[in-house]
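Hello,

Here is the structure I promised to pass on to you. Please open it beside this email, so that you can look up each place as you read.

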Amino acid sequence: MSEFELYRKSFQGDLVLPGDPDYFQAIERWAVNSVRKARIVAFVKTDDDITLSIRYARNANLSLAIRGGGHSNVGASSAEDGLVIDLSRYFRRVSVDAHSKLAFVEGGAVWKDVDEAVIEHGLAVVGGTVNHTGVAGLTLGGGWGWLQGTHGLTVDNLHQVTLILADGSRVVANDTENTELFWALRGGGCNFGVCTEFVFRLRPQRRTLYAGVLLYPFTVLEDVVDVLNRWSRDVKQNEAAMVNFIKEEDMEVPMIAVVVVYNGSETEGRSNFRALLDLSEYLDIVPQDSAEQVIHNGCTLEPVEDTTSEIAFEKLNEMLNSRRVIMPGLSRFMRGFFNPECRLDVEKLRHYFEVLTELPCQERRLNINLFVEYVNPTKVQEVPDDAMALARHSLNNSVAMVAWSVDTPENTVLGRKAMWEVLNIFAPEKVWQPARLDTDATNESKFQFDEDQDHRMANRRSGKELYGEEKYRKLQKLKRKYDPDLLFNKWFTIEPEPNDNTNRA
């Protein structure tokens, strides 16, 4: 009996291979361009299945990937001609200990699973902004969310992790057991094992809150920016906002969408965001006729669309699901960058909108979105930098996203060009030379973003730069201890400390 047949005989979950009826469904991902044709997709059912899969991948010299929510847009949860340990079918259970205020969340769960389970007990945890995002990836990378101003990052609320290591053993890591590993997991991504369960500390949460989207035409850019820049000087802990500068394939002109969240009643929320609901209040413009809308520079100063209302908590992370750029089934690039003090620059945004109007969004079904997040930073800053591996000094608060509906080499090149244009305006240090834009999209040696080409930290952005030298050296030592053979080598791989104890990073 071959080694594969022995593996299949002992495996309790589902093994999906090329040619199986559900193969293409098994390798689907949120971003089409992150799909890779795996040799084996292992829908693991038990811890033993994970151990068997790790050992088989090692013995067969197969690239190994871990899929939780499958939300990576750089292929980190996929493995070309390799083996994917997929937790999404059988590792999605969520249980709540309301008395201890703890949630036990399996590694294949998405935030929708968590939100719905914990609010039944009047509790919550910081869980991103889109509910089809995987719990594991968001947590291990830090985790931004609407409740961050009150409770900190997702990872700041992590109590314990259970994982299967590269040698196939099962361990628990927390503040008292395997403490160094727990330190590394919080910010170290999937470098150290397959996380089968996360335990989160929960916080009391009211059942409803005020939230929604305010949509404005780009012609009121200056007014919206003025209001946001003033409002953002004193963001309260129980509120958050995200401004999106958008041009999607079905839009004739670019738009400005402001997502607002207030952890309170609709009356309180509308009072809190009254300046965004009526820009004239901040701009000191008085209507000649109180029965008419205020017109300023030829434009209404009220949103052209207002979806805000008092909603159930579990619907909070559904708000952006219907935005085309967030929907599954598109190819996409995403790049984060830091916008100091979340101040919006009108001149840069004007240039950005000029770029949007020149790009063939409708003809090529291109969607471009710039997100800027507003949240009170106090809780995040209260956590000491050395408490975990997470690089707090390099956290981003802005994201550029380019997505296209038809996955062709030509559109991939156009997507890269669009991303370069956007980043060159707001974060020029994030791009390569523009001379590399006119390239065949299949040639990985040409214009690409570092994480699109190679997940290894030492490739384009060194671990020292991301984590700081002291943290990265500690991570290298722990990588050598737990995964010296680089079995887990997706999503910004940490290079193990060399055997001679010299630092090559």
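Below is what was found in it, going from the whole chain to single regions.

First, some ground rules. This is a predicted model, in which local features need pLDDT of at least 70 and side-chain atom pairs count only at pLDDT 80 or more, while totals for chains, interfaces and linings use all residues. Residues are numbered from 1 along each chain as its sequence is written, and side-chain values use heavy atoms, with hydrogens and water left out.

**The whole chain**

The chain has 18 helices and 21 strands. Helices (H or I, at least four residues) and strands (E, at least two) are DSSP runs, numbered from the N terminus. Of the 505 residues, 58% count as buried; buried means under 20% relative accessible area, exposed over 50%, and partly exposed in between, with a 1.4 Å probe and protein chains only. Among contacts between residues at least 6 apart in sequence, 71% join residues at least 24 apart. Contact here means heavy atoms within 4.5 Å.

**The sheet that starts with β1**

Four strands form an open sheet in the order β1-β2-β4-β3, and the pairing is mixed. Its edge strands are β1 and β3 (64–67), each pairing on one side only. From one strand to the next, the twist averages 20 degrees. Two strands pair if DSSP finds at least two bridges between them; β1 and β2 (residues 40–43) have three, in the antiparallel sense. Val16 has Val41 in β2 as its bridge partner.

Helix α3 (residues 47–59) lies across β2, β3 and β4 (83–86), and runs at about 170 degrees to β4. For such values, axes are lines fitted to C-alpha atoms, for helices over the stretch in contact, and angles run from 0 to 180 degrees between N-to-C directions.

Now find Leu17, in the loop between β1 (14–16) and α2 (23–26). Leu17 counts as buried, at 19% relative accessibility. Leaving aside neighbours within four places in sequence, Leu17 is in contact with Phe4, Arg8, Tyr23, Arg39 and Ile40. Leu17 and Leu83 are 66 residues apart in sequence and 9.9 Å apart in space, C-alpha to C-alpha.

Another open sheet has five strands in the order β5-β6-β10-β8-β9, with antiparallel pairing. β5 (94–97) and β9 (170–174) stand at the edges with a single partner strand each, so one side of each is left without a neighbour in the sheet. Here the twist averages 15 degrees from one strand to the next. Five bridges join β8 (residues 158–164) to β9, and Thr162 stands opposite Val172 in β9.

Helix α7 (residues 179–188) lies across β8, β9 and β10 (194–201), at about 100 degrees to β8. α7 also packs against helix α18 (residues 469–482) at an angle of about 115 degrees, with their axes 10 Å apart. On the α7 side, the contact is made by Glu180, Leu181, Trp183 and Ala184, and on the α18 side by Lys471, Lys474, Leu475, Leu478 and Tyr482. These residues divide into six nonpolar, no polar and three charged. Ala, Val, Leu, Ile, Met, Phe, Trp, Tyr, Cys and Pro count as nonpolar, Asp, Glu, Lys and Arg as charged, and the others, Gly among them, as polar.

**β13 and its partners**

Nine of the nine residues of β13 are buried, so β13 is largely enclosed by the rest of the structure. β13 pairs with β14 in the antiparallel sense over eight bridges, and Glu239 stands opposite Tyr262 in β14. β13 also pairs with β20 (residues 366–375), again antiparallel and over eight bridges; there Val243 has Val372 as its bridge partner.

Glu248 is found in the loop between β13 (239–247) and β14 (255–262). Is Glu248 buried or exposed? Glu248 is buried, with a relative accessible area of 4%. Leaving aside neighbours within four places in sequence, Glu248 is in contact with Arg323, Arg324, Val325, Leu366 and Asn367.

**One more helix pair**

Helix α8 (residues 221–231) and helix α12 (residues 346–358) pack at an angle of about 140 degrees, with their axes 11 Å apart. Leu221, Glu222 and Val225 in α8 meet Val346, Leu349, Arg350 and Phe353 in α12.

Happy exploring!
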